[in-house]
Structures are given as structure tokens and as C-alpha cells.
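Thanks for coming. I will take one structure today, starting with the overall fold and then turning to the ligand and a pocket.

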Amino acid sequence: MTISNRLQSLLKHVESVCVLTGAGISAESGVATFRGVDGLWSKLKPEELANFNAFMRNPELVWEWYDYRRKIIHNIKPNAAHEALARLEELVKEFTLVTQNIDNLHRRAGSKRILELHGNIERSYCIECGKFAENIEVTKEKKVPRCISCNGLIRPDVVWFGEILPEGVFEAAIEAARRCELFLTVGTSAVVYPAAGLPITAKNQGAYIVEVNTERTEISHIVNETLIGKAGEVLPCLISIMEETRNKK
Ligand code: APR
């Protein structure tokens, strides 16, 4: 993998990094992406599964789907790309990981400074009283979990289409994008806003934008450098370069 001299020298000195990740970073762990040939949305209808009205119309179907995804996530592990970002966080003074993923794999890989733009599939809450629910189980008998306090419907703590992002999370992401010297966008098709606007915000503030993806995306013409390849191969390479060159300072 060849990288520019500019990126080589940035990796040696940079202290402020912001990273945006999408479904592609979890692909090598066995989590399906959304778009593309085998993407979830090529088989399933987001309007039937990932919005509030669909949930109210058929909570059983929506829970069946989220429970199916939870079971997949519980049987897989973070991959080398997730681990590389957890290491990157240790190497620089200022680091923010903004993820569109709800799969909790960044947290399991050891990342700490995470902003979950679209929520987390491991959390659920009551739509009536707002109480967070622990250890939600979907069974043949109990196809739709209910709140232990008010018996209200429990829903996954994820952002569905047409819903606003969790309070303060996107504002913190914009702040991190504005402050960083290096912005990495990894495994996202960059078609869903407002997340896809973050690399542009960072670029407007003078940051150097690097995209890691197996193919070009909607923002490839905007970024400073596109590294075509699998995140699980490209990110560990960038970390090795950082570790080698930073020790030589
Ligand atoms: N390494 C790097 N990139 C990869 C890999 C890989 N191993 N495998 C796939 N990709 C790339 C694809 O080329 C694609 O550009 O990851 C991207 C995944 O794009 P999407 O499936 O559109 O996922 P994402 O960008 O995260 O979607 C954004 O849309 O459906 C909503 O809420 C959902 O958070 C999601 C949002």
C-alpha cells in the first residue's frame, strides 16, 4: 500500500484525529453492510423495519429483525480494523471516533472516545416512560419486550429513518471534526446525512481527509487521499507506520 509523503509525515506528528466509521469496518467481522450487492437494503425494506411507524404497526417483526442482528453480533468479534482504531486512540493526544454503526464492536475492541450517531443495538428503552431496559430477551412466548415499570413497548436504542440523532452527539462530532488535523473516513458509502457531512466540515477547517474503502464513494472527489482496500488491512498498516516513525522522533 503506498501512501503520500504528506500522509506519511502527518502520521509521524499528528496529535488530533477524528474518525468516521460505517458498516464497511464491520464487514470483515461478518456484519452485513447496508448498500452494495449483498447489502441489507437490497433484500429488506428499511421502511418496514427501520422506522417508528413500522415498529408501531408491527413491533413483532421489527423485534424479530433486531434480535436476529443481535444474535449475529454476539457470535462475532471485532476485527483488526476496530483494534487498529483502539490503538490509534492511545497514540494521539486528541481522538474522537464517530460511528454510524450500532453493533458495539468499537467498544468491544477497546475504543473509549466513541460517539454513537445511530445508537447501540445492545441498549433498549421504553417508548412510554423512557426507562432503559436491561437484558432484553425476545422469545417465542415474549415476542415483544415490555417495560417492567409501566408495561410500555420496549424499542431498540437505535436511530431509525426520519428520527433525529441523539441529543448532543452530533454537535460533539461536529466539534471534533472542526478541531482535528487528520480526519479518517472508513467503510462508509457517505450517502447518509448528517454523518456524511462531517468530512466536509473537517476539510473546511483545514484538516487532511483520508478515505479508506474497498471502492470509491460519493465523497472520493472531496477527500485528500483515498486508500482503496479492506479496512482490516489498511488501518493496521497506518498504525505500524505511526508506531515506527513516531518512536524515531
Ligand atoms: N473495508 C472498507 N470498506 C468496506 C469494506 C471493508 N472490508 N467492505 C465494504 N466496504 C465499504 C463499501 O464499499 C461501502 O462504501 O463500506 C461501505 C458501506 O456502506 P453502507 O452499506 O452504505 O453503510 P454505511 O455507510 O455505514 O450506511 C450509513 O445508512 O442504512 C443506514 O443507519 C444505516 O448507519 C447506516 C447508514
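Counting secondary structure, the protein has 11 helices and 9 strands. Keep in mind that this is a predicted model.

On overall size, the C-alpha atoms fill a box of roughly 60 × 35 × 30 Å along the principal axes.

Now the ligand. How many residues surround the ligand? There are 22, and the closest are F34, R35, T188, S189 and N213. Sorted by class, that shell holds 7 nonpolar, 11 polar and 4 charged residues.

F34 uses a backbone N or O atom, which sits 2.7 Å from an oxygen atom of the ligand. T188 uses its side chain: an N or O atom there is 2.6 Å from a ligand oxygen atom. With E28, a polar side-chain atom lies 2.8 Å from a nitrogen atom of the ligand. As for cover, the ligand taken alone exposes 740 Å², and the protein buries 90% of that.

Last, the second largest pocket. Its volume is about 180 Å³. Which residues lie nearest the centre of this pocket? They are A133, E134, I136, R146 and I148, out of 13 lining residues. The lining of this second largest pocket divides into 7 nonpolar, 1 polar and 5 charged residues.

That is the end of my part.

Technical notes
Residues are numbered from 1 along each chain as its sequence is written. This is a predicted model: local features need pLDDT of at least 70, side-chain atom pairs count only at pLDDT 80 or more; totals for chains, interfaces and linings use all residues. Side-chain values use heavy atoms; hydrogens and water are left out. A residue is near a molecule or strand if one of its heavy atoms lies within 4 Å of it. A polar contact is a pair of N or O atoms within 3.5 Å; within protein, one must be able to donate a hydrogen and the other to accept it, and residues adjacent in sequence count only if both atoms are side-chain atoms. Accessible areas come from the Shrake-Rupley method with a 1.4 Å probe; for residues, only the protein chains shown count as cover. Ala, Val, Leu, Ile, Met, Phe, Trp, Tyr, Cys and Pro count as nonpolar, Asp, Glu, Lys and Arg as charged, and the others, Gly among them, as polar. On a 1 Å grid over the protein atoms alone, a cavity is a set of points where a 1.4 Å probe fits but cannot get out, and a pocket is an open set with protein on both sides within 12 Å along at least five of seven lines; lining residues have an atom within 4 Å of a point. Grid points are joined across faces, edges and corners, and a volume is the space filled by probe spheres set on the points. Helices (H or I, at least four residues) and strands (E, at least two) are DSSP runs, numbered from the N terminus.
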